[in-house]
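Student: Could we go through this structure together, starting with a loop and then moving to helices, cores and rings?

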Amino acid sequence: MTAEAGADRAEPTVERLRRTGAWNPLWDGMDELDPAWADEYMSAVIEPYESGVLTPKTVQLLCIAVDASCTHLFAPGVRRHIRAALDMGVTPEEIFEVLKLCTTVGIHSMNVGLPILREEAGRTHS
């Protein structure tokens with residue numbers, strides 16, 4: 001472990017994220033209400049980025065998938081992670097494949113809604 005990596009581990013995660021520009025201002029309230037919990041939470045969230053288990057490319061593609069999925073739809077995150085992925089050499093075609101996979105989450109709206117529609121439409125129109 002380098003001296004810098006050791007220093008990073010000693011520095012609270014929230015402060016490190018702020019210092020490196022990775023902090024999202026939307027998280028300020030969480031940190032204000034419970035700084036200890038916020039730091040523990042952010043330490044867990046940042047772990048996949050830093051563990052080395054997944055490649056940085058894989059982490060960015062997963063982040064794009066999470067942020068672009070219809071259950072999340074966080075455009076600033078999509079933009080940030082697409083930019084990071086492109087900067088590390090991920091192709092637009094690879095990113096587009098991830099976005100295509102994200103659209104399958106939306107099919108669950110049909111899986112849930114269509115049977116209910118058919119049932120209810122059958123009741124009122126029978």
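Tutor: Let us start with Leu73, which lies in the loop between α5 and α6, where helices (H or I, at least four residues) are DSSP runs numbered from the N terminus. This is a predicted model, in which local features need pLDDT of at least 70 and side-chain atom pairs count only at pLDDT 80 or more, while totals for chains, interfaces and linings use all residues. Residues are numbered from 1 along each chain as its sequence is written, and side-chain values use heavy atoms, with hydrogens and water left out.

Student: What is the phi of Leu73, and is Leu73 buried or exposed?
Tutor: Phi of Leu73 is near 50°, a positive value in a residue other than glycine. Most residues other than glycine have a negative phi. Leu73 counts as exposed because its relative accessibility is 59%, given that buried means under 20% relative accessible area, exposed over 50% and partly exposed in between, with a 1.4 Å probe and protein chains only.

Student: On to α6, then: which of its residues are buried?
Tutor: Gly77, Val78, His81 and Ala85 are the buried residues of α6. They cover an arc of only 100° around the axis, so they sit on the same side of α6; the arc is that of the directions from the helix axis to the C-beta atoms. On the other side of α6, the residues Ala75, Arg79 and Asp87 are exposed.

Student: And what covers those buried residues of α6?
Tutor: The cover includes α4 (35-50), α5 (56-68) and α7 (92-102), where contact means heavy atoms within 4.5 Å. Just after α6, Gly89 takes a positive phi of about 100°.

Student: Which residues are buried in α5, and what do they pack against?
Tutor: In α5 the buried residues are Val59, Gln60, Leu61, Cys63, Ile64, Ala65, Asp67 and Ala68, and they pack against α4, α6 and α7.

Student: Which residues make up the largest nonpolar core?
Tutor: That core has 10 residues in all, namely Leu61, Ile64, Ala65, Ala68, Val78, Ala85, Val90, Ile95, Val98 and Cys102. A nonpolar core is a set of buried Ala, Val, Leu, Ile, Met, Phe, Trp, Tyr and Cys residues joined through side-chain atoms within 4.5 Å. The elements that give two or more residues to this core are α5, α6 and α7, and α5 gives the most, with 4 residues. Leaving aside its neighbours within four places in sequence, Val98 is in contact with Leu61, Ile64 and Ala65. There is also a second, separate core of 6 residues, which includes Leu17, Ala38, Met42 and Ile46.

Student: Changing topic, how many aromatic pairs are there?
Tutor: The count comes to 2 aromatic pairs, where rings of Phe, Tyr and Trp (its six-membered ring) pair if their centres lie within 6.5 Å, and planes under 30 degrees apart count as stacked, over 60 as edge-to-face and the rest as tilted. Trp23 and Trp27 form an edge-to-face pair because their ring centres are 5.1 Å apart and their planes are at 80°. Trp37 and Tyr41 form a stacked pair, 5.1 Å centre to centre with 10° between the planes.

Student: Why are Trp37 and Tyr41 separated by about one helical turn?
Tutor: They are 4 residues apart in helix α4, which means a separation of about one helical turn.

Student: And what sits over the ring of Trp23?
Tutor: The charged end of Arg18 does, 4.6 Å from the ring centre; a charge sits over a ring if NZ of Lys or CZ of Arg is within 6 Å of the ring centre and within 35 degrees of the ring normal.
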